[in-house]
Amino acid sequence: MKRYILSAAALLGALIVALPVSGQMRTSYFLNGSTQRYDLNPALSPQRGYLSIPVAGSLYTNVETNFLSAENFFYPNGQNNGVVTYMHKSVSAEEFLAKLPEQNAIEFGINDQILGIGNYFKGGFWSVGLRLRSESNVNIPKDFFALTKTLSQGSYDISGMGIESNNFVEASLGYTFPVQDVFTLGIRAKVLLGLAHMSATIDKLQVEVGEESYTAEMAGSFEANITGYDFSQMGQNEITLGSFVDHITNFDNFNPANIKSIGFAVDAGIEWTFRDEQIRLSAAVNDLGFNAWNANNSFCAMVDNMNFSFSGYDFQNNEVKFESPEKIELLPTDAVNEGRTALHTSFVVGLEYNFFNDIVGIGALWNMKRYETRKWNSIGGALTIRPFAWLSASANYSLVNSLGVMGMALNIHSSLANIFVGADYIASKFGTANGGATPVPLNQNSVNITFGVSIPLGVRMF
């Protein structure tokens with residue numbers, strides 16, 4: 001029974017990264033019939049106009065990490081007939097920690113096109129869209145895992161741990177047009193309505209594990225922005241965590257008149273074709289902009305030298321022996337007055353060579369997305385086939401932060417419907433669970449998937 005429980009735990013751990021969570025679909029970049037590549041580069045308008053199916057028109061979900069994979073956290077047991085977690089005594093701390101980077105990151109989000117329409121009109125391609133977007137990231141220092149693995153006496157520095165979440169609605173207007181039959185330019189202007197934003201950064205977290213107690217000293221900053229909520233009465237000198245939670249969970253504090261947070265962003269792209277469009281060079285920048293929060297919708301503070309202590313459980317009095325400050329002294333910061341949160345800007349450059357009358361294409365793609373504390377880089381090659389005018393498929397191999405990954409996508413783009421499905425991260429190494437009955441991806445630490453359905457409109461005009 002224990003073996004089955006551990007096998008299930010291994011499978012669950014491997015599938016955590018497959019949870020639906022903003023981003024863009026790299027593997028769609030050379031599929032010229034898809035509407036998804038238009039998201040990556042506004043100069044790459046599709047072969048036909050489109051009317052997106054509400055909500056399902058283009059749904060992109062992704063999780064990207066630099067550490068969270070099954071082979072990093074699960075190990076064969078001594079009998080080689082099951083698995084154990086990294087916490088098991090048979091797995092040394094040195095073996096486990098050697099696989100982890102100093103800073104362990106998880107980025108995840110959702111990009112769902114609620115409404116979207118695009119069509120060719122008077123020599124250009126126009127588009128209008130409405131999207132719901134959510135972007136979050138977590139940063140975990142290696143010492144956190146050292147603490148959970150060893151629990152031995154000593155000092156652990158977990159400074160640098162942080163979390164950020166940005167949630168907003170995006171309305172966009174795009175225009176793509178040719179220049180002298182050689183260049184195609186595209187621009188997409190966006191208006192953003194912020195829904196909620198939260199960020200917490202632990203600048204200092206020193207944990208001391210002693211014989212009789214655990215103690216921690218913490219300092220950092222916290223910011224919350226929730227549209228429609230008035231934080232002006234919260235105060236900035238001292239507060240309890242309970243009073244803050246009570247405020248944001250009390251819907252009476254929400255007032256539509258307080259929805260004043262708005263932001264702006266722009267996407268811009270270019271495509272250069274030569275040798276009768278046999279060679280195509282393109283580049284774009286996306287999400288260059290910010291959300292701006294109204295001061296009344298914002299709460300921001302710094303926490304200085306907050307101390308905690310845990311010394312066990314008092315069975316005689318039936319209570320946990322945990323000490324923490326009843327109230328937290330808060331030092332206001334200027335961030336509440338600035339009220340801006342930058343979007344995660346991305347850049348893309350692609351080069352494609354097509355032959356056999358455009359039936360086969362080979363391409364190279366570089367993609368970089370900039371987060372608050374790090375950058376995700378991807379560079380790789382792709383093979384695209386277009387056996388019919390209504391069908392195309394692409395496969396690529398990319399190095400994402402030095403880790404090799406496979407991606408595949410299929411697009412049906414007939415005059416009746418445009419259907420797209422694809423993934424940028426496909427595992428290349430598998431193990432098994434449940435006695436070999438269930439395959440488990442071992443070296444996969446990131447997952448994304450895109451699905452989209454739209455109704456075709458007018459045909460391409462340039």
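Against which helices and strands do the buried residues of α5 pack? In this predicted model, the partners are the helices α3 (70-73) and α4 (93-97) together with the strands β5 (103-121), β6, β7 (154-157) and β9. Helix α5 itself covers residues 142-150, and its buried residues are K142, F145, A146, L147 and K149. An α-helix has 3.6 residues a turn, so residues three or four places apart point the same way. Just after α5, L151 takes a positive phi of about 50°.

The protein chain as a whole contains seven helices and 26 strands. It has 462 residues, of which 48% count as buried.

Side chains of opposite charge can pair when their charged atoms come close. A search of the whole structure for such pairs gives 16 salt bridges. A network of salt bridges links R133, E135, E170, R188, K190, D267, D287 and K369. Within this group, R133 takes part in a salt bridge with E135, with an N to O distance of 2.8 Å. R133 also forms a salt bridge with E170, and here the N to O distance is 2.7 Å. The pair of R133 and E170 joins distant parts of the chain, since R133 belongs to strand β6 (residues 124-141) and E170 to strand β8 (residues 162-179), 37 residues apart. R133 has a relative accessibility of 3% and therefore counts as buried, the cut-off being under 20%. E170 also has a relative accessible area of 3%, so it is buried. E135 is buried as well.

Another salt bridge in the structure connects R188 with D267, whose closest N and O atoms are 2.9 Å apart. This pair, too, links distant parts of the chain: R188 is in strand β9 (residues 183-209), D267 is in strand β12 (residues 262-274), and 79 residues separate them. Both residues of the pair, R188 and D267, are buried. Strand β9 is also one of the elements against which the buried residues of α5 pack.

D287, a further member of the salt-bridge network, is located in strand β13 (residues 279-292). Its backbone has a phi near 60°, which is a positive value in a residue other than glycine. D287 counts as buried because its relative accessibility is 4%.

N357 likewise has a positive phi, of about 55°, although N357 is not a glycine. The surroundings of these two residues can be set side by side. D287 lies in a strand, whereas N357 is placed in the loop between β18 (346-355) and β19 (360-370). With a relative accessible area of 79%, N357 is exposed, while D287 is buried.

G452 has a relative accessibility of 2% and so counts as buried.

Definitions and conventions. Residues numbered from 1 in each chain as written. Predicted model: local features only at pLDDT ≥ 70, side-chain atom pairs only at ≥ 80, totals over all residues. Heavy atoms only, no water. Salt bridge = Lys/Arg side-chain N within 4 Å of Asp/Glu carboxyl O. Buried < 20%, exposed > 50% of the residue type's maximum accessible area, 1.4 Å probe, protein only. Helix = DSSP H or I, 4+ residues; strand = E, 2+ residues; numbered from the N terminus. Contact = heavy atoms within 4.5 Å.
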